[in-house]
Amino acid sequence: NDKTTGIWVVKEDLRSFQRLAREGTREFNDRVLCHHGRLHPDEGKRKLVSLGVIDIITKYFPDCHLPKWDTPECPECTDTLHSSRERVRDVLSRKRVLVRLNGGELPYVAGHAVYLVSRTFTDNLSNFFTYRNIDLPVLDNSALLCSHGRIPANVVKPGAGFVSYLTVEEWDIVRELLGPTVELRVATRQETLVDSLLMKERGSIQGRSSDREQGHQVGNMEQ
């Protein structure tokens, strides 16, 4: 294609042109610009179209942004995009380990530590490996904490579906590539019963588990 003429249009908006025109949306081609108001550097999400279609576009979307082919890309977002792509490459290079992330069953690593992350995070990471057209998930364990900064027992109970359990190797890779976040570490006994929970944020927050009924389940955190 000739890249010395034309205008940039978001590919998804082009595919949905007729529907957007019927809806009368005012947001056509808005995503061609970044949040700084400059041309977004991700060329994979936009397409250069001929100048001849300007009249058609402006007929339905008279106020839309139509940057010309030689509009400079946002330098700040360009740096961010390059960093993001490097991180994606790093994550894909560790795919052999990361695709094994446990979906909720406590690993049989009696006497060794395992780490907790949100089940939503591991589900989103799995979707990233499957579809590759979505952004990398962000590791954020804060959603597992209550308003007092503690972990409710029902959240970390095996089988509850709120958390996934990572081995030390998996945790080190995830934290390096997609962290940092609050560290939630669990020590295990035989038969994968939770023995104790140590929550650390920069080594400053600690908690203890409480034994309940027949199993050693994580109780409310105490500083």
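About 250 Å³ of space lies in the second largest pocket of this structure. The model is predicted, with local features needing pLDDT of at least 70 and side-chain atom pairs counting only at pLDDT 80 or more, while totals for chains, interfaces and linings use all residues. Residues are numbered from 1 along each chain as its sequence is written, and side-chain values use heavy atoms, without hydrogens and water.

A pocket here is an open set of points on a 1 Å grid where a 1.4 Å probe fits, with protein on both sides within 12 Å along at least five of seven lines; lining residues have an atom within 4 Å of a point. A volume is the space filled by probe spheres set on the points. The lining of the second largest pocket includes Val10, Lys11, Glu12, Arg15, Asp42, Lys45 and Arg46. By class it has two nonpolar, two polar and seven charged residues, where Asp, Glu, Lys and Arg count as charged and Gly is among the polar ones. Helix α1 (residues 11-15) gives the largest share, three residues; helices are DSSP runs of H or I with at least four residues.

The largest pocket has a volume of about 560 Å³. Of its 18 lining residues, Asp42, Lys45, Leu81, Ser84 and Asp135 lie nearest the centre. Seven lining residues come from helix α4 (residues 75-93), the largest share. The classes are eight nonpolar, four polar and six charged.

Arg46, in the lining of the second largest pocket, also lies over the face of Trp8, at 4.2 Å from the ring centre. For Arg this requires CZ within 6 Å of the ring centre and within 35 degrees of the ring normal.

Six aromatic pairs are found in the whole structure. Rings pair if their centres lie within 6.5 Å, and planes over 60 degrees apart count as edge-to-face. Phe17 and Phe28 form an edge-to-face pair, 5.7 Å centre to centre with 90° between the planes. Phe17 belongs to helix α2 (residues 17-23) and Phe28 to the loop between α2 and β2, 11 residues apart. Phe17 is buried at 17% relative accessibility, as is Phe28 at 1%; buried means under 20% relative accessible area with a 1.4 Å probe, protein chains only. Phe17 and Phe61 have ring centres 5.5 Å apart and planes at 80°, so this pair is edge-to-face. Ring pairs link Phe17, Phe28, Tyr60 and Phe61 into a cluster.

The structure holds zero disulfides, a disulfide being a pair of cysteine sulfur atoms within 2.5 Å. The sulfur of Cys74 is 3.7 Å from that of Cys34, its closest, which is too far for a bond. Cys74 is buried, with a relative accessible area of 0%.

Note on methods: Helix = DSSP H or I, 4+ residues; strand = E, 2+ residues; numbered from the N terminus. Buried < 20%, exposed > 50% of the residue type's maximum accessible area, 1.4 Å probe, protein only. Phe/Tyr/Trp six-rings, centres within 6.5 Å; stacked < 30°, edge-to-face > 60°.
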